Amino acid sequence: MRFSEFPNSKAMMILTCMDPRSNPYEFWNLPFGPAITRNAGGRATEDALRSMRVLSTIMANGENTLGAVAVVHHTDCGLHHGPNFSDEFIKGRLADRAPELAKEVEKMELGSFADVEASVLEDVAIIKNDPYLPKDLDVLGYVHDTATGKTREVFRSE
Ligand SMILES: [Zn+2]
C-alpha cells in the first residue's frame, strides 16, 4: 500500500528534511493531516524515533494508533556529501567553535550521506528495527526530487 492510500483510522507520520524545498504538505494530496517530523536530512535520529514512540502510545490508552511512517529524503540535500557538507567538515567547524569540546564533537553523527536512496533505506531499517515501535508499523521510503517536485517510492513494506 502506498503512503497516500493508508486509511485515516490510524495516525501517519512523515519524516523529512528541514529544507523548505522538501515541503511535506506538497508531497501528496493527503485527505488527512499526518504528523510531521523535520530535521537536517530527515534522518531517523533518536529524537525522531522519540516522536514516533510517543505518537504510537499516547493515543487510545496505549493502543497502537501509528499506522505508517513515510521517510522522505530529497535530491540536492545539504547533507549530501560534498566538499563542504560531510560530517567531517561540519565537525571541524563545530570543534573550531568549541575547541574544549573537541572530543565530544568527534563522537557526533551529523547524518551526511553519499547516496540519497541508500540514506532512505538506512533510515527505514532503523525505524523498522526500533524495538519500541509497534511490530505492525508500516514504514515506507521515498525520494523527493526538488527539481521536478515529484516524490518517488524507493521502499514499500508488503
Ligand atoms: Zn535536505
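# Briefing on the predicted model

T151 belongs to strand β5. The model described here is predicted, and the mean pLDDT of the protein chain is 90, with 93% of the residues scoring at least 70. The chain is divided into two parts, domain 1 (3-77 + 113-155) and domain 2 (80-111). Five strands in an open sheet and a nonpolar core of 28 residues are described below, together with individual residues.

**Domains and confidence**

- Domain 1 is made of two stretches of the chain, 3-77 and 113-155, whereas domain 2 covers 80-111.
- Between the C-alpha centres of domain 1 and domain 2 the distance is 26 Å.
- Confidence in the protein chain is highest in α4, where the mean is 97, and lowest in α2, where the mean is 93.
- Where pLDDT is low, predicted coordinates should not be read in detail.

**The sheet**

- The strand order in the open sheet is β2-β1-β3-β4-β5, and the pairing is mixed.
- The edge positions are held by β2 (35-39) and β5 (151-155); each has a single partner strand, so one side of each is left without a neighbour in the sheet.
- On average, and with direction ignored, neighbouring strands of this sheet are turned by 25° against each other.
- Strands β1 and β2 run parallel and are joined by five bridges.
- Across this pairing, L15 stands opposite T37 in β2, and M13 stands opposite A35 in β2.
- Strands β1 and β3 also run parallel, with six bridges joining them; here M12 stands opposite A68 in β3.
- Strand β1 is mostly covered, since seven of its seven residues are buried.
- Helix α4 lies across β3, β4 and β5, and its direction is at about 165° to β4.

**The nonpolar core**

- The largest nonpolar core contains 28 residues, and those with the most contacts inside it are M13, L15, V69, A70, V71 and I127.
- Two or more residues of this core come from each of β1 (11-17), α1 (46-55), β3 (66-74), α4 (116-128) and β4 (138-144).
- Leaving aside neighbours within four places in sequence, V71 is in contact with L15, G42, A44, V120, D123, V124, I127, V139, G141 and Y142.
- Two of these contacts of V71, L15 and I127, are also listed among the residues with the most contacts inside the core.

**Residue T151**

- T151 is buried, because 20 other C-beta atoms lie within 10 Å of its own and a residue counts as buried at 20 or more.
- Not counting residues up to four places away in sequence, T151 touches F27, V72, Y142 and H144.
- T151 and V105 are 46 residues apart in sequence, and their C-alpha atoms are 34 Å apart in space.

**Residue D76**

- D76 is located in the loop between β3 and α2 (87-97).
- The phi angle of D76 is near 60°, which is a positive value in a residue other than glycine.
- D76 is partly exposed, because 13 other C-beta atoms lie within 10 Å, a count between the limit of 12 or fewer for exposed residues and that of 20 or more for buried ones.

Definitions and conventions
Residues are numbered from 1 along each chain as its sequence is written. This is a predicted model: local features need pLDDT of at least 70, side-chain atom pairs count only at pLDDT 80 or more; totals for chains, interfaces and linings use all residues. A nonpolar core is a set of buried Ala, Val, Leu, Ile, Met, Phe, Trp, Tyr and Cys residues joined through C-beta atoms within 7 Å. Helices (H or I, at least four residues) and strands (E, at least two) are DSSP runs, numbered from the N terminus. Two residues are in contact if their C-beta atoms, placed from the backbone, lie within 7 Å. Two strands pair if DSSP finds at least two bridges between them. Axes are lines fitted to C-alpha atoms, for helices over the stretch in contact, and angles run from 0 to 180 degrees between N-to-C directions. Domain bounds come from an automatic or database domain assignment. pLDDT is the predictor's confidence in each residue, from 0 to 100.
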